[in-house]
Amino acid sequence: MPNIKSAKKRMRSNAKKADVNTLVYSSMKTAIKKFEKEVKADNKEQASNYLNTALQKIDKAHSSGLVHKNKAARLKSRLNKLMNSMK
């Protein structure tokens with residue numbers, strides 16, 4: 001446990017940031033899973049809605065620094081490829 005005031009504050013802020021980062025990353029993964037589930041069910045309309053949501057979540061995770069730009073591009077490319085294979 002830190003004794004210095006600034007170190008205590010840093011611990012509090014790191015804990016808050018960790019909570020936000022976990023929320024953003026897990027919501028991204030959930031959106032991707034929902035999209036993949038709809039693709040398997042062959043539901044095009046619902047899948048396109050979930051695709052848009054998943055792409056937004058991936059961009060959000062990338063902009064906040066949780067996901068590297070190449071990983072974000074790779075995920076988006078894979079999802080778009082899945083969507084195009086449905087049509």
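Predicted model: local features only at pLDDT ≥ 70, side-chain atom pairs only at ≥ 80, totals over all residues.
**Asp-42**

Is Asp-42 buried or exposed? Asp-42 is exposed, as its relative accessible area is 52%, and the cut-off for exposed is over 50%. I found Asp-42 in the loop between α1 and α2. Next I checked the backbone: phi of Asp-42 is near 60 degrees, a positive value in a residue other than glycine. I noted that because most residues other than glycine have a negative phi.

**Met-86**

Met-86 is in helix α3. I looked up its accessibility, and Met-86 counts as buried because its relative accessible area is 11%, where the cut-off is under 20%. Which residues does Met-86 contact, leaving aside neighbours within four places in sequence? I got Val-39, Asp-42, Asn-43, Lys-44 and Ala-47.

**α1 against α2**

Then I turned to the helices. For two packed helices, I wanted the angle between the axes and the distance between the axes. Helix α1 covers residues 5-40 and helix α2 covers residues 44-63. Their axes come within 8 Å and cross at roughly 155 degrees, so α1 and α2 are roughly antiparallel to each other. I also noted the handedness: α1 passes α2 in a left-handed crossing. On the α1 side, the contact uses Val-24, Ser-27, Met-28, Ala-31, Ile-32, Lys-34, Phe-35, Glu-38 and Val-39. On the α2 side, I listed Gln-46, Ala-47, Tyr-50, Leu-51, Thr-53, Ala-54, Lys-57, Ile-58, Lys-60 and Ala-61. How many residues of this α1 with α2 contact are nonpolar, polar and charged? I have 12 nonpolar, three polar and four charged.

**α2 against α3**

Next pair. The axes of α2 and α3 come within 10 Å and cross at roughly 175 degrees, which means α2 is roughly antiparallel to α3. From α2 I wrote down Lys-44, Ala-47, Ser-48, Leu-51, Ala-54, Leu-55, Ile-58, Asp-59 and His-62. These meet Lys-69, Ala-72, Leu-75, Lys-76, Leu-79, Asn-80, Met-83 and Met-86 in α3. By type, the residues of the α2 with α3 contact divide into 10 nonpolar, three polar and four charged.

**α1 against α3**

Last pair. The α1 and α3 axes come within 10 Å and cross at roughly 20 degrees, so α1 is roughly parallel to α3. Here too I noted a left-handed crossing, with α1 passing α3. The contact is made by Tyr-25, Met-28, Ile-32, Phe-35, Glu-36 and Val-39 of α1, together with Lys-71, Leu-75, Leu-79, Leu-82, Met-83 and Met-86 of α3. I sorted the residues of the α1 with α3 contact and got 10 nonpolar, no polar and two charged.

**The core**

I then looked up the largest nonpolar core, which has 18 residues. Which residues have the most contacts inside this core? They are Met-28, Ile-32, Phe-35, Ile-58 and Leu-79.

Not counting residues up to four places away in sequence, Ile-58 touches Met-28, Ile-32, Ala-72, Leu-75, Lys-76 and Leu-79.

Lys-33 lies in helix α1 and counts as exposed because its relative accessibility is 56%. From Lys-33 to Leu-55 is 22 residues along the chain, and their C-alpha atoms are separated by 12 Å.

Glu-45 lies in helix α2. Glu-45 is also exposed, with a relative accessible area of 66%. I took the C-alpha separation from Glu-45 to Ser-63, 18 residues apart along the chain, and got 28 Å.

Key
Residues numbered from 1 in each chain as written. Heavy atoms only, no water. Axes fitted to C-alpha atoms, helices over the stretch in contact; angles between N-to-C directions. Helix = DSSP H or I, 4+ residues; strand = E, 2+ residues; numbered from the N terminus. Parallel < 35°, antiparallel > 145°, perpendicular 65-115°, else oblique. Left-handed = near helix turned anticlockwise from the far one by under 90°. Contact = heavy atoms within 4.5 Å. Nonpolar A, V, L, I, M, F, W, Y, C, P; charged D, E, K, R; others polar. Core = buried A, V, L, I, M, F, W, Y, C linked by side-chain atoms within 4.5 Å. Buried < 20%, exposed > 50% of the residue type's maximum accessible area, 1.4 Å probe, protein only.
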